[in-house]
Each structure stands twice: as structure tokens, then as C-alpha cells.
Amino acid sequence: MSMTILPMIFIIISNIFMLISMLMSKKSFLDREKCSPFECGFDPKSIARIPFSLHFFLITMIFLIFDVEIALIFPIIATFKMVNFFSWFKVSFFFIIILLLGLYHEWNQNMLNWAS
């Protein structure tokens with residue numbers, strides 16, 4: 001009988017903890033941070049269909065591309081001692097050349113100039 005009561009006790013205790021944490025963290029709907037503009041500069045309480053800066057969008061895409069690139073470089077570094085050096089070098093060199101060509105293209109198109 002104690003084996004059937006024990007799970008119920010855990011469920012009741014966890015529900016009590018969740019209720020206490022919900023009451024303690026009572027969030028305010030009129031928080032100053034929630035009423036301020038987001039990172040993109042939009043006013044959260046204004047019309048959603050207003051035009052925005054395309055340059056901001058391009059900078060965001062560049063950040064995402066190079067952020068993903070970091071996640072792809074880490075396995076290349078980790079496999080250095082596990083694979084043939086020549087094949088590792090070819091793959092790494094090809095990957096870095098593609099990244100540098102992309103960076104050159106962005107620089108050539110003046111996408112990296114925030115002031116323009």
C-alpha cells in the first residue's frame with residue numbers, strides 16, 4: 001500500500017512547490033521593460049505593419065550565418081587528431097574559403113556599414 005501512496009505524495013508536494021513559485025513570481029503586466037521598444041526599435045503597442053529598416057534585417061541575417069558557422073567550426077577542430085591531415089586540411093580550407101568569400105561579398109555590398 002505504501003508503494004501506491006508514495007507517488008501521490010510526490011505529486012502533491014511538487015504541485016505545492018509549483019503553486020508557491022507561481023505566487024512568489026507574480027509578474028506585473030505593466031512592467032517598464034515590457035512597455036519599452038524591443039531590440040529592433042518597434043514600439044510594442046503600435047501598429048504591427050509599419051515599415052522597418054531592411055538594414056537591420058540584413059545585419060541580423062549576417063549574425064545568424066556567422067553564429068551557425070562557429071557551431072560548424074568546432075567539430076572541425078575536434079576531429080583534427082582523428083582523421084587524415086590532408087583530408088582534414090582540404091575540408092577546413094574549403095569551409096574557410098567559403099566563409100571568407102561570403103564576408104568579402106557582404107563587405108563589397110556595404111552590408112557591414114551600420115551608418116548607411
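1. Helices here (H or I, at least four residues) and strands (E, at least two) are DSSP runs, numbered from the N terminus. Glu 69 sits in helix H3, residues 54-78. This is a predicted model, in which local features need pLDDT of at least 70 and side-chain atom pairs count only at pLDDT 80 or more, while totals for chains, interfaces and linings use all residues. Residues are numbered from 1 along each chain as its sequence is written, and side-chain values use heavy atoms, with hydrogens and water left out.

2. His 55, Ile 62, Glu 69 and Ile 76 of H3 are buried, meaning under 20% relative accessible area with a 1.4 Å probe, protein chains only. Helix H4 (85-108) is included in what covers the buried residues of H3.

3. Do look at Glu 69, which is buried yet has no salt bridge (a side-chain nitrogen of Lys or Arg within 4 Å of a carboxyl oxygen of Asp or Glu). The nearest side chain of opposite charge, Lys 90, is 21 Å away. Leaving aside neighbours within four places in sequence, Glu 69 is in contact with Phe 95 and Leu 99, contact being heavy atoms within 4.5 Å.

4. Another glutamate to visit is Glu 106, in helix H4. Glu 106 counts as buried because its relative accessibility is 10%. Not counting residues up to four places away in sequence, Glu 106 touches Ile 62, Phe 66, Met 111 and Leu 112.

Notes. Buried < 20%, exposed > 50% of the residue type's maximum accessible area, 1.4 Å probe, protein only. Lys, Arg positive; Asp, Glu negative; His and termini not counted.
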